[in-house]
Structures are given as structure tokens and as C-alpha cells.
Amino acid sequence: MKALRVVGLWVALVLGMASSAMAEGFALTEWSARGLGLASGMVGRADDVSAIAYNAAGITQLPGVQVMGGMGLIAPMGTLSLDTTYGKQETTTKPAVWAMPHAYASWQLNDSLWLGLGVFSRFGLGNSYDQNWTGRYNLYSVNLQTISAVPTLAWKINDILSVSAGLEIMNINLTTEQKFAPFGMNPMGIGDHDAEVQGSGWGVGGHFGLHARLNDQWSIGLAYKTQVTANVYGDAKYGGILKDKGMLKDCDAHGTVQLPDSLALGVAYKPLDNLSFEVGAVWTRWSTYNSLNIYMDNGNQSISHKNWNDGWNFNASVEYKPLDWWSLRAGFWYETPVINEDHSDFMVPSNGRTALTLGTGVEWNDFTVDFAYCHMWINPTSYDKTDGHGILDSGYITGGTSKDTVANIYMLSFGYKF
């Protein structure tokens, strides 16, 4: 009962604090401090309770009851350099730190069955610019938050093979803010009005895992997360002269958010008891993300084509224990571009990314404490030929690119074995 109370309190905290981050596309893979330090190399290893997020079949390696909770802080920054009829104009995103908590618990029922519960975020993004910046007719603020609760059952078929299945219950919250110009777009912002759309919804999906411990040195993991589609309902709120005169009214709004499925493979090698390596790949089917359309009950609509490409994440990591109680970790990953620049906008100024990660962990009796740091370099996105509303059709933006986009991630996790 004590373990359940600890898990319940942290799950409540995660549900209350889950926020957003910057990622390729907007998929997240930073689900624990150890996992971050290993560049998500937890599909083949899958040997702590955060495996519920990476490859839940691996929790059959965990005896008794184990819990983990933690927090990640993500600080993105980037610049948009736009070519206009008045010369080049550059805008840097507002400084922001996004919180990303996580919580996990596993319970060994008998020699063959394990129960697990994970609460974490699979998707998220956040960007904010000055309200009067050059690209305000496309966007000046976006915040997409998701939080998933994943109850899981894992079955140890024999000493080599384990499988798992979980139900993902995802909550989605989306807020976008932009300017619109009922009297015509202009660089001075005269007559600009505000449009804010807020919505939330629920989606359901599945998680499936396979883990094979071939011998004391080699293990292989495979994890599949299904597509999640949610109908989002909310409000469209306006501000400006027309609103003040009663000619424009707030109204209900709705749309559909379709989030992609993914397949992850990891191969782990442990030549020594205190040394392990893993290489892996994650395929994400972003080609299912065709559009993000919002429809208002007053007859207005926001049509945003996406038509993204499928993406790959390739990762490699090493973990070394110089002492029985102390671990050192390092990793690297590269993600291929997914944005279709024919429809690029300011919501996701990313076109592939590279990351280096470092981490450390200590064990004391039944407690574990892990810390990790990640630095990401994010490739620029071109706006020279986009059809994104409010960019080239603004009449004074003629092209441009994102540049100097980076993100720093800091993550801390605490674990306990009952």
C-alpha cells in the first residue's frame, strides 16, 4: 500500500504539470534521466522501470515492486530570419523553460506476469514570439501538451523471451495565438486583431513490446506504439475593434489531431558486468500527419496543410560503472528531417536534429538517483516556397529561414525498490 500511495501522489503531480517541449516534428523520447543519458538507448536494455515508456516487455527483468518519478526541464531557443520588402528582419523566440515530468511503477505478480503503469508525454511543442513580430499573421504563440497514462501487462514466456501489451490513454491540449487583419495585412500592424484558439481532447492507442535476452551479453528489444487520433473541442476568442463593436464574437471551435505511430528497435551488448552498449533506431510515421485544421462555429476556419515525411532516429549509447554504486552514461542520436517545406510554418521551426547526451547515476541501498544533460542542434527550415497562411501571402514577407536553433535538456529521476 505504501508503494501505491507514492505512485498515486507522483502520478497526480505529473498529470497536473505535464507541459511541452521542442522535438523533431514534435515527438518526444526523453522519458527518464537514465534514458536521456543513454540517448533513448533503453529498448534493448529495458532494465529499469522507465522501460514502460521505452519497451515495457523489459520490466520482466525487475523483481518485486519498483517505482520511479522525475522531472525534465527543456530550454529551446532559435531565431527566424525573414526576408521582407523592407529588408531582413530577425526575431528570436522568447526565453522559456518547459517542464516534463514522468512517473512509473512495476509490480511482479508471479514468476511469469508483471503489471506496470507509466505516465509521461509522447508529444509536445511550445514556441512564443513577440506579438508584433514579422510573422504574427501565421503565429505568435503555440503550446501543444500531451500526457499519456499507460497501464501495461508483461508476460515472461521463458528465460529468453518476454512480451508486453499496454493501453495508452492520452489527453491533448492545444493553444494557438495569431494576428489577423480584417482590413488587410500590413507591416505596421494597423488594424490587427487577435485570434486565440484553445482546445482539448482525448485519444486512445496501444503499446506493444518484445524483449529477448539471448544470453548474458546480448539482448534485443522491439517496441511499437500505435497512432492516436483525438477530436479536440474548445473555443475561438478574438480581440480588436470589431470585437469591441460587437461585430465579431467568440465561438466554439473543433478540429482533429492525428498523432503518428512508431516502431523502435534496440540491440544491447554487455561485454562486462559494468559495461554495456546499445545501438537502435526509431521509425515514426509522420506521413499520417496531413493537416491541422480548425473549424469555428461562426463559419471561419484555419486550414494548415502539413504532408510531412516519415522520420528516423538513429542512436548509440554506452554505460559504464566505475564503482558498484556509480554509473556514467553517454549517447548520441541523429534524426532525419520530417517537415515538408512546401507547407512549413512557424509552429515547428525544425528540420532534423542531432543530440549529444551525458548522464550519471548513483545507487544507495534501495534508492537510485539519476541525472542527465542533453544538447540538441536543430537544422534550419526554409520559408522560401511555403504556402503557410500569413507568410508569403502577407504581401511583405518574401522568404527566410530559421537559424541557430538549439535546445538544452536537464533531467532528474528518483527510483525506489520495495
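Modeller: Gladly. Asp261 has a relative accessibility of 2% and counts as buried. Keep in mind that this is a predicted model.

Colleague: What makes Asp261 count as buried?

Modeller: Buried means under 20% relative accessible area. Asp261 comes to 2%, so it is buried.

Colleague: How do you know that the side chains of Arg285 and Asp261 meet in a salt bridge?

Modeller: A salt bridge needs a side-chain nitrogen of Lys or Arg within 4 Å of a carboxyl oxygen of Asp or Glu. For Arg285 and Asp261 the N to O distance is 3.0 Å. This pair links distant parts of the chain, 24 residues apart: Arg285 is in the loop between β13 (275–284) and β14 (294–296), and Asp261 is in the loop between β11 (251–259) and β12 (262–272).

Colleague: Thr226 touches Asp261 too. Why is Thr226 called buried?

Modeller: With the limit at under 20%, the relative accessible area of 16% makes Thr226 buried. Thr226 is placed in the loop between β9 (218–225) and β10 (228–239), and among the residues it touches are Arg122, Phe208 and Pro260.

Colleague: What lies 2.7 Å from a polar atom of the Thr226 side chain?

Modeller: That is the backbone nitrogen of Gly206.

Colleague: Let's turn to Lys179 and Asp194. What makes this pair a salt bridge?

Modeller: The limit is 4 Å, and their side chains meet at 3.0 Å, N to O. The two are 15 residues apart, with Lys179 in strand β7 (residues 161–180) and Asp194 in strand β8 (residues 193–213).

Colleague: Buried or partly exposed: which label goes to Lys179, and which to Asp194?

Modeller: Lys179 is at 9% relative accessibility, so it counts as buried. Asp194 has a relative accessible area of 23%, so it is partly exposed.

Colleague: How many salt bridges does the rule give?

Modeller: The count comes to 18. One of them joins the side chains of Arg34 and Asp48, at 3.2 Å, N to O. Arg34 lies in helix α2 (residues 33–37) and Asp48 in the loop between α2 and α3 (51–54), so the pair ties together parts 14 residues apart in sequence.

Definitions and conventions. Residues numbered from 1 in each chain as written. Predicted model: local features only at pLDDT ≥ 70, side-chain atom pairs only at ≥ 80, totals over all residues. Heavy atoms only, no water. Helix = DSSP H or I, 4+ residues; strand = E, 2+ residues; numbered from the N terminus. Buried < 20%, exposed > 50% of the residue type's maximum accessible area, 1.4 Å probe, protein only. Polar contact = N/O pair within 3.5 Å; in protein donor to acceptor, adjacent residues only side chain to side chain. Contact = heavy atoms within 4.5 Å. Lists of a residue's contacts leave out its neighbours within four places in sequence.
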